[in-house]
Amino acid sequence: MTTLNLLGKACPIPVLETRKALAQMNAGDICETLVDNETAVQNLSKMATQKNLTFTSEQLEEHRFSVRIVADGVAFHSTEEETADVCIPCTPQGKTVVVLSSETMGEGDPVLGQKLMQGFVYALTEQDRLPDTILLYNGGAKLSVEGAATLSDLKLMEEEGVEILTCGTCLNHYGLTEKLGVGSITNMYVICQKMSEASFIIKP
Amino acid sequence: MSRPKRAQLLLTFETTTDALSLEQQACGILRGRLIPLPGDVAAGCGLCWAEPAENESSFLEFLNTYSPPYDRLVHRFG
């Protein structure tokens, strides 16, 4: 069995390297590829399925997956275009902006909505890739002020480099300007610019 | 980089009402908080109470004292 340690490598590298290895192997040989994310597992599985190759995958531990593919002895003659077609990007490209425009998430029971929003902000802190910017406006401005249940999570993300921007007009409207607890105050031009330049906007 | 992982005690619930009720009871007593139920833990309600593991004795005392309705108590590193 040949083992390829591709931990820390983003797609399409695991797919390219695995194809290269399989191309050198005889029918029945096993190529084990170690990767650190589920997207790479999906990409390798998709490649094996497309080529009718037998494969298994398992999670060995956190951020450590093994994909074993049985070679069929037929060399791969893939082009980069084919590989790109197989691959889902491991990480989104470009800037991600999260927009919090309300202190609640969804419509219905406002108490539940508050808990859902608090849960959303908490869940953001657990994502492998944090957003580049979080914009808070209108009711969302209440999430970044002293006493807000979401404040510690926003502070944690700011410490990790996330830009936290709260609408100054909104803080003023709610009488919360002096209570801002994280990040900085912004205006509509910056809000508009950040959203315009974002590749992904997440709005719960 | 995401939030550092740590040892936790998760208290799961059958209903959201139970989760919200415990949050009110625990206010000012416990150090934990309601969080979304992690994907590897099953429960009827999508919210759970996450208490730092180092506060286990106080947490168990709280549960004995107040007997809040809950589903399971799970030790988890996450």
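How many positive and negative side chains does chain B have, and how far apart do the centres of the two sets lie? Chain B has 7 positive and 9 negative side chains, with 11 Å between the centres of the two sets; Lys and Arg count as positive and Asp and Glu as negative, while His and the chain ends are not counted, and the place of a charge is taken as NZ of Lys, CZ of Arg, CG of Asp or CD of Glu. This is a predicted model, in which local features need pLDDT of at least 70 and side-chain atom pairs count only at pLDDT 80 or more, whereas totals for chains, interfaces and linings use all residues. Residues are numbered from 1 along each chain as its sequence is written, chains are lettered from A and ligands numbered from 1 in the order in which they are written, and side-chain values use heavy atoms, with hydrogens and water left out.

**Chain B**

- The secondary structure of chain B consists of two helices and four strands, arranged along the sequence as β-α-β-β-α-β; helices (H or I, at least four residues) and strands (E, at least two) are DSSP runs, numbered from the N terminus.
- Chain B is as compact as a globular protein of its length, because its radius of gyration of 12 Å is close to the 12 Å that the globule rule gives for 78 residues; the radius is taken over C-alpha atoms, and the rule is 2.2 Å times the number of residues to the power 0.38.
- The C-alpha trace of chain B spans about 35 × 25 × 20 Å along its principal axes.
- Of the 78 residues of chain B, 44% count as buried, where buried means under 20% relative accessible area, exposed over 50%, and partly exposed in between (1.4 Å probe, protein chains only).
- Chain B exposes about 4,100 Å², with carbon and sulfur atoms supplying 50% of it; accessible areas come from the Shrake-Rupley method with a 1.4 Å probe, and for residues only the protein chains shown count as cover.
- Among the contacts (heavy atoms within 4.5 Å) in chain B between residues at least 6 apart in sequence, 68% join residues at least 24 apart.

**Chain A**

- Chain A contains seven helices and nine strands, and it is more spread out than a compact globule, because its radius of gyration of 23 Å is well over the 17 Å that the globule rule gives for 204 residues.
- The C-alpha trace of chain A spans about 70 × 30 × 30 Å along its principal axes, and 41% of its 204 residues count as buried.
- The accessible surface of chain A comes to about 10,700 Å², of which carbon and sulfur atoms account for 49%.
- In chain A the side chains include 15 positive and 27 negative ones, and the centres of these two sets lie 2 Å apart.

**Interface between the chains**

- In the contact between the chains, 14 residues of chain B meet 17 residues of chain A, and the two chains bury about 1,300 Å² between them, 55% of it on carbon and sulfur atoms; buried area is the accessible area (1.4 Å probe) that two parts lose on being put together, summed over both.
- Met1(B), Arg3(B) and Arg33(B) supply 41% of the area that chain B buries against chain A, more than any other three residues.
- Thr125(A), found in helix H4 (residues 110-125) of chain A, is buried with a relative accessible area of 0%, and among the residues it touches, not counting those up to four places away in sequence, are Leu130(A), Ser2(B) and Arg3(B).

**Individual residues**

- Glu58(A) belongs to strand E3 (residues 55-61) of chain A and counts as partly exposed at 45% relative accessibility; Glu58(A) touches Phe65(A) and Ser66(A), not counting residues up to four places away in sequence.
- Asp29(A) sits in the loop between helix H1 (13-23) and strand E2 (30-35) of chain A, and its C-alpha atom is separated by 8.0 Å from that of Thr2(A), 27 residues apart along the chain.
- Most residues other than glycine have a negative phi.
- Asn138(A), in the loop between strand E6 (133-136) and helix H5 (151-159) of chain A, has a positive phi near 45°.
- Ser67(B), in the loop between helix H2 (56-66) and strand E4 (73-77) of chain B, has a positive phi near 45° and counts as exposed at 54% relative accessibility.
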